[in-house]
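Ready for a few exercises on how helices pack? Have a look at the sequence and the model, then work through the tasks below.

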Amino acid sequence: MDVTTLSPIALGFLGSLAAGSLTAVGAIPALFGRLPSRATRDLSLGFAAGVMLAASFFSLIIPALDAAELRYDNGAVVPALVCVAILLGMGAVALMNERLPHEHFRTGREGPEAASLRRVWLFIIAITIHNFPEGLAVGVGFGSGGYENGLPLAIGIGLQNAPEGLAVAVSLLGEGYTRRGAWGIAALTGMVEPVGGLIGAGVITLSEPLLPWGLAFAAGAMLYVISHEIIPETHRNGHQNRATLGLAIGLVLMLFLDIWLG
Ligand SMILES: [Zn+2]
């Protein structure tokens, strides 16, 4: 089968499904045998932050500016639209972070244990929430520019999903979840991506004016999670140097992929 002949919507769905599945693949060490050390995990999660940072700008914000420029010729409208959409994306995740978790913990354990369990679940919810815009981004990538446009994004997002999946599984193991339970929950966090992918590709195919908004909104949502969850998580155990090294590698790799394949 020649994938380049598929419809943009089918491509968006399959691309985001493949990227999302790498969350489960990345979490496999939680199922069997030895886990990578905390330092290695902080390095790889730093890598995820770097990929997401570069993807936000090169695969989302710059294409959003280009798309806005095609529609509006006023110089200030273009960046203003993109800035507003980024802030809306950040605000949406902030709001979800505020609202979603609380119910889960009211009936849970109490005392210091509850605090640590709560932190783990906040992290998991944040990962799940940000997987949606990642899927959206992959879907929008395929939906707006076909195969060439979506592929670097699907690869980059897929790569950074692996350490995220592992981070989720490992934090659940630390809370006493079984290996299979931890892996299963980590895998589930990735399955939000094809949902986002389908919606992203569908909306963009149906409504072109939404394109710059969708791209910049997805970027904002990712930027919020990078700053609020991923980077702090990599700095909690004294491995700041490794975390920053990982971020640098992820950033330049995604930049390279995006320019080379895109
Ligand atoms: Zn991510």
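**Exercise 1: H1 and H7**

The axes of helix H1 (residues 8-26) and H7 come within 8 Å and cross at roughly 155°. This is a predicted model, where local features need pLDDT of at least 70 and side-chain atom pairs count only at pLDDT 80 or more, while totals for chains, interfaces and linings use all residues. Residues are numbered from 1 along each chain as its sequence is written, and side-chain values use heavy atoms, with hydrogens and water left out.

Task: work out how H1 and H7 are oriented to each other.

Step 1. Axes are lines fitted to C-alpha atoms, for helices over the stretch in contact, and angles run from 0 to 180 degrees between N-to-C directions. Helices (H or I, at least four residues) are DSSP runs, numbered from the N terminus.

Step 2. Angles under 35 degrees count as roughly parallel, over 145 as roughly antiparallel, 65 to 115 as roughly perpendicular and the rest as oblique. H1 and H7 are therefore roughly antiparallel.

Step 3. Now the residues: Gly12, Phe13 and Ser16 are among those of H1 that meet H7, whose side includes Gly197, Leu198 and Ala201 (contact means heavy atoms within 4.5 Å).

**Exercise 2: H6 and H7**

Task: say how H6 lies relative to H7.

Step 1. H6 and helix H7 (residues 192-206) pack at about 5°, and their axes are 4 Å apart.

Step 2. That makes H6 roughly parallel to H7.

Step 3. Leu188, Thr189 and Gly190 of H6 make the contact with Val192, Glu193 and Pro194 of H7.

**Exercise 3: H3 and H8**

Task: classify the angle between H3 and H8.

Step 1. Helix H3 (residues 77-99) and helix H8 (residues 211-234) have axes that come within 7 Å and cross at roughly 50°.

Step 2. That makes H3 oblique to H8.

Step 3. Among the residues that meet here are Leu81 and Val82 in H3, and Trp213 and Phe217 in H8.

**Exercise 4: confidence**

Task: find which element has the lowest mean pLDDT and which the highest.

Step 1. pLDDT is the predictor's confidence in each residue, from 0 to 100. For the protein chain the mean is 84, and 92% of its residues reach 70 or more.

Methods: Helices (H or I, at least four residues) and strands (E, at least two) are DSSP runs, numbered from the N terminus.
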